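Please keep the sequence and the structure in view while reading.

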Amino acid sequence: MEKGAQQYVWEGAIPLQVHLHESEVTTLPPPSPALILAPRIGYLPLLASQLKPFFSGALPPGVDTIWFEYKGLPLKWYIPTGVLFDLLCAEPERPWNLTVHYRGYPGNVLIPCDGEDSVKWSYINSLKEAAYIIHGSSKNVMNMSHPDQVDLWRSVMNGKLEIYNRISSKLKLGVVSDEFSEKLKPSPSKAQHNVNDDEATAALKTSRIPVRLYVWTFNEDFEDLEEAPHFDSWDQISYINRPVEINEKGKYFTLLDAVKSVLPEFYQDSLNTIKSEVKNEQSVELEEESVETRSLPGRPVIKLLRIQGIELKMKIPFSWVVNNLMSPDYFLHICLYIKAPKLVGT
């Protein structure tokens, strides 16, 4: 991962304005909303210690179980905060107005959360899943020493990139090889090349990329993000875990190619195009235009795609996206708004 881009990802934060739900206010006047910055790579329950001082004096008696909602929708605590923001706010809302609850946990919508411990193990389980996708085994994660596991989690929780890179490098999950970028770099001399270089290179190459897609499919069109329809139930979102496989050496594999490969429900007619060799840049341009922008009958149209808060061009090399925008759990989280017939069974 390029240090500069990775640093931007880790330093990314969302300004929040957090209100205590009116049903839990026991004082007059009610407490003022809390204004805090939430790390993009973090998780909402980890904000509990910052928020409690704002609202502790106004809460009714009882045991605290913190949860958040946005416009009446309970927020899934195990999804990174930045992903929730990208998915729920087509037109970015700053500050992001959230409501916090300490009572009445909606167990019918959200899986239980017992604070930081639950978030930590959810993160570790995602890391295991990513390792299995990349290498066919999660033993590197499972065999982490306890001190390394603690340091890795604390680095994510506290945004300590240097510590994270030091510990995560031991897992040998690496990044996808990017031959297009490598061509721009001077090749090392033979004197510098040794067995350790070979082992490091092997550890840094993979053809299976862990991807999590959050897909909202709708029929009505819109021209401006402010006009985008909003959803009020998680049943309206297709949550898809599918690896992207990059097996064709020398092919210019784009972000659009990756999206089509993991959404065959939408792009059945395009799969043969993905697998065939693209002969020149003009053919890439035509493919981009036909799939991404033309609103032909029955053809899906990507209205919005965000990764780490960035709306990327579909022609960008997928290898660059992976190497620069992957989350600390080694998944690439992609939020998609697609105008298309709704997926069957979702």
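## Charges over rings

R212 lies over the face of F331, at 3.9 Å from the ring centre. A second case involves K303, whose charged end sits over the ring of F222, 5.4 Å from the centre of that ring. A charge is said to sit over a ring if NZ of Lys or CZ of Arg is within 6 Å of the ring centre and within 35 degrees of the ring normal.

## Basis of the description

The model is predicted: local features need pLDDT of at least 70, and side-chain atom pairs count only at pLDDT 80 or more, whereas totals for chains, interfaces and linings use all residues. Residues are numbered from 1 along each chain as its sequence is written, and side-chain values use heavy atoms, with hydrogens and water left out.

Helices (H or I, at least four residues) and strands (E, at least two) are DSSP runs, numbered from the N terminus. Strand β1 comprises residues 13–20. I14, L16, V18 and L20 form its covered face, while A13, P15, Q17 and H19 form the uncovered one.

Two strands pair if DSSP finds at least two bridges between them. β1 runs antiparallel to strand β2 (residues 34–39), and six bridges join the two; within β2, L37 is the bridge partner of P15. With strand β5 (residues 96–101), β1 pairs in the parallel sense over five bridges. In that strand, V100 stands opposite L20.

T99 also belongs to strand β5. T99 has a relative accessible area of 19% and is therefore buried; the term means under 20% relative accessible area, while exposed means over 50% and partly exposed lies in between (1.4 Å probe, protein chains only). Leaving aside residues up to four places away in sequence, T99 touches H19, L20, H21, W67, F68 and E69. Such a contact means heavy atoms within 4.5 Å.

## Nonpolar cores

In soluble globular proteins, nonpolar side chains tend to be buried together. A nonpolar core is here a set of buried Ala, Val, Leu, Ile, Met, Phe, Trp, Tyr and Cys residues joined through side-chain atoms within 4.5 Å. Which members of the largest nonpolar core touch the most other members? They are L263, F318 and L336, in a core of 58 residues. Helix α4 (residues 116–135) supplies the largest share of this core, namely eight residues.

Another core, of 42 residues, lies apart from the largest one. Its members include I36, L73, V100 and L304.

Not counting residues up to four places away in sequence, F318 touches I209, V211, V244, I246, F253, T254, L255, A258 and L332.

## Aromatic pairs

Rings of Phe, Tyr and Trp (its six-membered ring) pair if their centres lie within 6.5 Å; planes under 30 degrees apart count as stacked, over 60 as edge-to-face and the rest as tilted. The whole structure holds 14 aromatic pairs. One of them is formed by F85 and W96, which are 5.2 Å apart centre to centre, with 65° between the planes, an edge-to-face arrangement. F85 in helix α3 and W96 in strand β5 are eleven residues apart, and the pair links distant parts of the chain. F85 is buried, with a relative accessible area of 4%, and W96 counts as buried at 0% relative accessibility.

The pair of W216 and F231 is edge-to-face because the ring centres are 5.2 Å apart and the planes stand at 65°. W216 lies in strand β7 (residues 211–218) and F231 in the loop between β7 and β8 (237–241), so the pair ties together parts that are 15 residues apart in sequence. W216 is buried, at 4% relative accessible area, and F231 is buried at 8%. Ring pairs also link W216, F218, F222, F231, W234 and Y337 into a cluster.

## Backbone exceptions

Most residues other than glycine have a negative phi, and most peptide bonds are trans. The peptide bond from L28 to P29 is cis, with omega near -5°; P29 lies in the loop between β1 and β2. Another cis peptide bond joins R94 and P95, with omega about -5°, and P95 is found in the loop between α3 (81–88) and β5.

K71 is not a glycine, yet its phi is positive, about 50°. K71 lies in the loop between β3 (67–70) and β4 (73–74) and is exposed, with a relative accessible area of 62%. Y330 likewise has a positive phi, near 65°. Y330 is placed in the loop between α13 (318–325) and β12 (332–339), and counts as buried at 10% relative accessibility.
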